[in-house]
Structures are given as structure tokens and as C-alpha cells.
There are 2 protein chains.
Amino acid sequence: MQADKQLLRIPGPTPIPPSVQRAMSQPMIGHRGQEMKELINTVKEKLKPIFGTQEDVLIYTASGTAALETAVINAVQPGDEVLIIVTGAFGDRFTKICDEYHMKVHKYEVTWGEGAEPEQLAVLLQKLPNVKAVFATFCETSTAVLNPIKELAKVVHRESDALFIVDGVSCIGGTETKMDEWGLDIVVTGSQKAMMLPAGLAFIAASNRAWKVIEANPHARFYLDMRKYRDKLQKDSTPFTPAVSLLQGLKQALALMDAEGLHSIYERHETMKVMTRAAFKALSIPLLTADVHASPTVTAVKPDDFAAEELRKVVKTNFGLTLAGGQQHLKGQIFRIGHMGYCSPADILQVIGIIEIGLQQIGKTIDLGLGVKAAQTAYLEMKL
Amino acid sequence: MQADKQLLRIPGPTPIPPSVQRAMSQPMIGHRGQEMKELINTVKEKLKPIFGTQEDVLIYTASGTAALETAVINAVQPGDEVLIIVTGAFGDRFTKICDEYHMKVHKYEVTWGEGAEPEQLAVLLQKLPNVKAVFATFCETSTAVLNPIKELAKVVHRESDALFIVDGVSCIGGTETKMDEWGLDIVVTGSQKAMMLPAGLAFIAASNRAWKVIEANPHARFYLDMRKYRDKLQKDSTPFTPAVSLLQGLKQALALMDAEGLHSIYERHETMKVMTRAAFKALSIPLLTADVHASPTVTAVKPDDFAAEELRKVVKTNFGLTLAGGQQHLKGQIFRIGHMGYCSPADILQVIGIIEIGLQQIGKTIDLGLGVKAAQTAYLEMKL
């Protein structure tokens with residue numbers, strides 16, 4: 001049974017709701033017919049509130065990394081100075097992409113597990129008057145940090161004329177995003193996280209001032225050229241054959257999000273975060289990230305008296321529960337619990353219950369039920 | 001019922017077999033776990049005979065166009081001379097990509113509807129001693145031409161040291177491809193054609209001599225960097241989050257292809273081609289392409305006494321049969337019937353039967369059943 005009973009609690013890919021799976025199992029349709037035009041017309045409007053924007057949200061057939069590269073090669077040119085806020089592995093990825101394209105890269109490196117500090121960013125920007133773009137990661141998946149994007153945006157615009165480019169891959173759809181109001185110039189996300197879809201689609205939106213830069217940018221690009229996607233989206237189409245079945249799923253996933261309401265979705269994610277953190281606090285197992293920087297979509301746990309990898313292995317074997325490990329220098333040091341998309345407070349109770357058994361099984365003595373009780377209490381308090 | 005009864009007979013996207021749909025509806029799994037490793041290990045071996053190669057077949061999460069761009073930016077550098085064999089819209093796409101990246105583009109332009117002539121290619125290559133790569137389209141989807149890739153490859157290697165790069169998007173899996181034996185240096189295809197999957201995956205393989213060029217090529221690239229995909233594939237992994245559900249479908253599609261056998265698959269496509277062409281010949285409706293260059297995966301029809309668009313409209317409305325129109329200057333001049341992937345000789349009988357009714361309905365008087373009879377006869381002759 002275990003192959004069917006997947007408890008996938010990593011920070012993406014995330015589980016797929018049954019109605020989205022059914023939508024993706026519809027008969028294949030032509031990518032240039034009327035059905036597809038209507039589908040694109042529906043989904044493009046519903047993506048806007050999730051980004052908090054009036055701008056077009058472009059739809060790419062690609063992974064999230066392609067969307068990061070899209071932001072880089074459309075908004076910046078080789079030789080341009082850029083400042084990258086690196087809070088973990090995905091900030092690091094922006095650096096690698098910018099290095100590959102010969103940008104002049106400056107970094108604001110933050111200790112992994114901590115969030116970026118707006119006033120430290122201000123100090124850096126004052127020393128770097130020629131920066132054309134500042135890159136940040138909204139939720140740093142590798143450390144479970146939610147960076148203060150709204151405040152960072154304020155500083156970027158106060159201290160510079162740079163574009164502010166945000167990787168929202170592992171949180172958009174699960175946490176409030178106000179692209180227009182906050183002044184985010186480019187925002188990207190992927191399908192396989194809070195959007196409740198398999199991997200394979202990426203979404204990207206740009207502000208009016210970013211579009212001016214993108215339109216004038218001579219940097220060579222073809223498949224990732226945002227201008228091509230915008231031109232076609234305005235005609236309810238795509239420049240290249242899109243992943244049709246994923247778009248059929250997207251329509252249904254957006255219908256589910258509509259029915260729940262964005263405010264309720266954000267509250268649900270906040271509740272799952274508080275429950276998860278309460279459980280580990282009750283069990284006296286350290287969390288990697290302080291409350292103030294904790295992400296509503298993923299939690300990182302940094303045990304000091306048992307091996308993270310041993311726990312991951314035992315819960316996978318006995319319960320089919322997949323937890324994520326650490327990346328790069330955090331490998332073996334932490335484990336991460338994804339709680340986004342098609343995931344509920346009830347799922348958190350289950351995860352904590354399993355982890356408690358797993359801890360016993362690897363020889364760490366705990367009070368069984370203590371973490372679950374704390375999560376239950378947190379849930380009830382959130383509902384007051 | 002019509003939304004469920006899609007008769008999708010365009011040259012991709014193509015219909016999805018039920019067992020492939022079920023495979024894609026399995027619970028989501030982690031992209032870095034043991035299940036995924038095993039899945040990648042299985043599919044990577046089964047892709048090789050379809051390409052006719054011992055080399056690694058890389059798996060991208062992207063459309064076919066991204067795979068064409070991948071070939072360009074990995075194998076060639078800005079300023080390099082390239083020769084592009086343009087037999088239709090997809091040869092044209094190679095030109096656009098090479099132009100975008102500032103290659104020095106030479107073109108061998110062939111009248112749309114005809115196939116490239118190896119000896120004409122030889123003459124051109126003799127005049128262009130510095131060409132680094134020759135690009136060709138195996139099946140030119142826009143004209144339903146199957147170019148003589150084996151013979152073109154011979155000429156390329158006889159007359160030059162150039163790499164021979166082949167777009168096999170709309171035929172690989174449906175027609176014999178012997179990458180190693182024929183000396184093809186880079187071959188790409190997509191998932192949504194003869195491979196019986198939705199769009200969203202692209203496959204690409206390179207010869208040993210192509211890999212030497214790719215490894216040494218300093219041209220900037222990140223998401224499309226073939227080196228990253230090869231390194232990870234050798235560890236049964238991917239450099240970026242792959243489209244997991246499509247990979248689950250790929251495993252099943254490859255199992256279906258295995259069970260049928262490649263030889264039988266190619267024979268089935270050949271049969272569908274001969275049946276389709278026999279029907280239009282019997283009805284005295286002109287085909288765009290001569291027999292010698294006709295593709296086994298798609299047929300283009302160029303009516304001289306009725307409007308292609310009118311026929312497409314009436315069969316769509318009354319039967320849910322989707323045929324493709326013409327592209328670029330062939331728009332409105334032709335219609336195209338896709339017969340690849342999850343498509344059988346019985347489906348051809350149905351398509352011809354519907355088209356005959358459609359012709360009557362738009363006012364063209366024909367002998368009902370004449371085309372069907374010719375297709376039936378062709379079928380029986382093929383089975384002798």
C-alpha cells in the first residue's frame with residue numbers, strides 16, 4: 001500500500017489534490033484551439049491576485065530555475081552590477097546564474113537560517129551606486145526562512161534605482177504577496193510548491209518599470225524571452241507548445257484556491273507553521289530559524305542530540321513519510337518539513353505523531369504525544 | 001460528450017494512452033528520493049534504442065523549442081558559421097535561434113513541401129569550408145516532409161567537419177532513427193508527439209565528437225547547459241526539479257513502446273501514412289508532399305477546389321475532430337492530419353470517414369466511402 005500512501009512533506013514537489021489529478025487526466029486537447037484559448041484566458045486572470053499584481057503573469061513550461069534565469073537574462077546585461085541577497089542555497093543559485101552570464105556580482109551574505117536585514121541592505125546599497133538589480137529569495141527553501149520582502153523592497157527603492165527581483169518559488173500561493181503595492185519589479189514562482197501542481201510550469205510577472213528595461217535589453221535569449229510570452233499571453237496563447245496537461249491542472253488548482261479564498265489559504269499556512277514549531281519547542285528539539293523569520297511553508301529542525309538522517313530514514317521506512325534533508329553545508333545537520341499547498345493542519349498532527357514514534361525508534365527518549373499536544377493547543381489558539 | 005470524445009489528429013500534442021494517464025495520476029513522489037532514482041534509471045536506458053544510440057539521452061523539463069535552443073547554444077558559439085537546411089517553419093525556427101545568438105547563418109532553402117536533396121547540400125558545403133554545424137529537421141511538421149537524414153548525414157561528414165544537428169521532434173519514436181550508425185551528432189525530440197505524452201519534456205542526445213565541442217564551449221548557458229544534465233543523469237538524477245508526473249508517464253509510455261516493439265511501431269506509422277495518402281489519392285484531392293518525402297507521422301493535404309479552413313471547422317463542430325491548419329505562408333492553403341503516437345490504422349479509417357462527410361457538408365461532391373475503401377485496401381496490402 002505504501003506506494004499509494006505517500007506522505008510527501010518536503011518543501012516541493014508537494015502532493016496533488018484529487019480534482020487536480022482528474023483535471024490533468026482529461027483527454028488531450030490542441031494547444032492552438034479554442035479550448036486552450038479559453039483555458040489561458042481563465043488562468044491568466046486568476047494568477048494575478050496570487051502575485052498581488054495587475055500585470056500579466058507569464059506562464060513558462062520549465063522548472064523554477066529556468067524562471068530565475070529568465071529574470072536574470074531579461075532584466076540585466078553582461079557587465080551590469082547586481083547585488084544578490086544570499087540567505088541560502090537558492091540565493092546562491094541566483095549568484096551562479098549571474099556569474100555564468102558575466103554580471104558583476106556583489107553579495108550580501110546572511111548566515112544560513114537567518115533572514116536578511118533591511119538596514120544592512122541599505123548600508124550596502126549606499127556603497128554600490130551602480131547596482132542595476134537586487135535579487136532576493138522570498139522563502140529560502142534551504143533554511144525555511146521567509147525574508148522580509150516588503151521591507152527589503154522599501155530599502156531598495158529608497159536607496160537606489162535598481163530593479164528588485166524576487167524568487168518566490170517556495171511560498172507564493174501560501175503567503176501574502178503584494179507585488180504592486182510593495183514595489184517588487186520581477187517575481188517568479190513554480191508550480192510544484194504552494195500552487196498544488198506537479199513541477200513543469202513556472203510563473204513570472206514584471207512591473208511596468210521592469211518591462212521598460214526588459215524591452216530595451218539586447219541580451220540574447222530565445223526560449224526564455226519574456227517579450228515573446230507577453231505578446232502571446234495578450235492573445236491568450238503561448239509562444240511555444242505549453243505543457244497542456246499541467247495547464248488543465250492549473251485551471252483546477254486555481255479554482256480550488258478561489259473557493260478557499262487567498263486570506264484563508266494564508267491563514268492555513270500560518271497555522272501549520274505555528275503548530276509545527278510549537279511541537280518541536282515542546283519536545284525541546286531546536287529549530288534552525290527564529291520565529292521572526294520562520295516561513296509559513298516549510299520548517300527546518302536542527303537536532304542537537306540525534307542524527308537528522310537517521311530520523312528521516314526510519315519515518316520513510318515505517319510510514320512512507322518523506323522529509324527533506326539539508327542542502328550544501330547543512331546536509332546531515334537539519335531536516336525540513338514542507339507544509340504548503342495541498343496540506344492541512346490535520347496533516348501536521350499526523351507528521352508530528354509519526355516523528356515522535358520515529359524519535360523513539362532511533363533511541364531518543366521523548367514523552368510521546370507531547371509535540372502533538374502542543375500542535376493541537378497551537379491550533380486551538382489560532383482559531384480563537 | 002464531445003469534450004471527452006476528443007479526436008485529436010494534429011501533429012502534436014497527441015492523445016495520451018489511458019495507462020499513461022493513470023501513471024501520471026500516481027501520488028506525487030519526492031524528486032530526490034529512491035523512487036525517482038529508480039525511475040530515471042529505467043527510462044534513461046529505454047530512451048537509447050529510440051534514438052538509436054549508446055549515448056546518454058538527456059531529459060529536460062521544457063518544450064521542443066528549448067531543446068532546439070539547447071542544441072544551438074551548447075554546440076555553437078556566437079560568430080560561428082552554421083548552415084541551416086530550411087524545409088519549413090521548424091527549419092526557420094533554427095534560423096531565428098541562431099540569429100538571436102549572432103551566429104553567421106547560411107541557409108539551404110528548400111521549397112515548402114519538398115525534401116532536402118543531399119547532393120545540393122554537398123554543393124553548398126563545398127562553398128562553405130568554415131561551417132561548424134549543419135542543422136536539419138527530420139520531420140518538418142509544417143509540411144509533412146520526412147527529410148532523408150541518413151543521406152544528409154553522409155554528405156555532411158563527407159564534405160566537412162561540421163557537427164550534424166537534427167530536430168527529430170515530430171517523428172522520433174514513430175520512425176527509425178539510428179543516431180550512432182548514421183552519424184548524427186545531436187538529436188532532439190519532445191514528449192508530445194510520437195512519445196505519447198503531454199508536452200513538457202524534451203530529450204536530447206549528443207555524439208562523442210559533439211560532447212567534445214560542448215564541453216569546450218564557453219558560451220554562457222545555465223538551465224539549458226547539457227553538461228549539467230549529463231553529470232546528473234549519470235547519477236540517475238536531474239540538475240533541476242523535473243516534471244515528476246510527466247516522468248511517471250514517460251516510464252509507462254516507454255513500457256508500452258517496449259511491449260509493441262520499435263519495429264512494429266515504425267510499421268504501424270508507415271501503414272497509417274500509406275492509408276491516409278491512398279484515401280486522398282482516391283478522392284483526387286492533392287497532397288502537398290510527394291510519396292518519396294512523405295512523413296509517416298503527419299500528412300499535409302492541399303485542396304484545389306475547397307477551403308481547407310472550412311473543412312477543419314465542420315469536422316471540429318460535428319465530430320470533435322481536430323485537424324491542423326497550415327503555418328506561415330501555407331496558412332489557409334493546407335490542412336494536416338497527425339497520425340503518430342497513440343494512433344492506429346483504425347483511427348485513420350475513422351478520420352477519413354469523417355472527412356468524407358465533412359466534404360459533403362461543405363458542398364464538395366465526392367463518392368462517399370471511396371477514400372475509406374482506398375485506406376482499407378492499402379491496409380490489407382501492407383499486411384500481405
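Across the interface of chain B and chain A, 2 salt bridges are found in this predicted model. In a salt bridge between the two chains, the side chain of Lys316(B) meets that of Glu35(A), with an N to O distance of 3.0 Å. Side chains of opposite charge can pair when their charged atoms come close. Polar contacts across the interface of chain B and chain A involve 17 residue pairs, with both residues at pLDDT 80 or more. On the side of chain B that touches chain A, at least two residues each come from helix H3 (64-75), helix H4 (89-100) and helix H10 (244-260) of chain B. The most is given by H4(B), which supplies 4 residues to that side. By class, the residues of the side of chain B that touches chain A comprise 24 nonpolar, 16 polar and 8 charged.

The contact takes in 48 residues of chain A and 48 residues of chain B. The size of an interface is often given as the accessible area lost when the parts come together. Between chain B and chain A, the buried area is about 3,800 Å², and carbon and sulfur atoms give 62% of this area. Within chain B, the residues that lose the most area to chain A are Met28(B), Phe222(B) and Tyr223(B), which together account for 17% of what that side buries.

Rolling a probe the size of a water molecule over the atoms shows where empty space is left. In the whole structure, 5 cavities of 30 Å³ or more are found. The volume of the largest cavity is about 90 Å³. This largest cavity is lined by 13 residues, of which Glu69(A), Tyr101(A), Glu69(B), Ile73(B) and Tyr101(B) are the closest to its centre. Helix H3 (64-75) of chain A and H3 of chain B each supply at least two residues of the lining. The lining of the largest cavity consists of 9 nonpolar and 4 charged residues, with no polar residues.

Over all chains, the structure holds 43 salt bridges. One of these joins Lys104(A) and Glu81(A), whose closest N and O atoms are 4.0 Å apart. Lys104(A) belongs to strand E4 (residues 104-109) of chain A and Glu81(A) to strand E3 (residues 81-86) of chain A, so this pair ties together parts that are 23 residues apart in sequence.

Backbone geometry was considered last. Most residues other than glycine have a negative phi, and most peptide bonds are trans. In chain A, Gly12(A) and Pro13(A) are joined by a cis peptide bond with omega of about -5°. Pro13(A) lies in the loop between strand E1 (7-9) and helix H1 (18-24) of chain A. In chain B, a cis peptide bond with omega of about -5° links Gly12(B) to Pro13(B). The loop between strand E1 (7-9) and helix H1 (18-24) of chain B contains Pro13(B). Ala144(A), a residue other than glycine, has a positive phi, near 65°. Ala144(A) is placed in the loop between strand E6 (139-140) and strand E7 (145-146) of chain A.

Technical notes: Residues numbered from 1 in each chain as written. Chains lettered and ligands numbered in written order. Predicted model: local features only at pLDDT ≥ 70, side-chain atom pairs only at ≥ 80, totals over all residues. Heavy atoms only, no water. Contact = heavy atoms within 4.5 Å. Buried area = accessible area lost by both parts, 1.4 Å probe. Polar contact = N/O pair within 3.5 Å; in protein donor to acceptor, adjacent residues only side chain to side chain. Nonpolar A, V, L, I, M, F, W, Y, C, P; charged D, E, K, R; others polar. 1 Å grid on protein atoms, 1.4 Å probe; cavity = no way out; pocket = protein on both sides within 12 Å on 5 of 7 lines; lining within 4 Å. Points joined across faces, edges and corners; volume = space filled by probe spheres on them.
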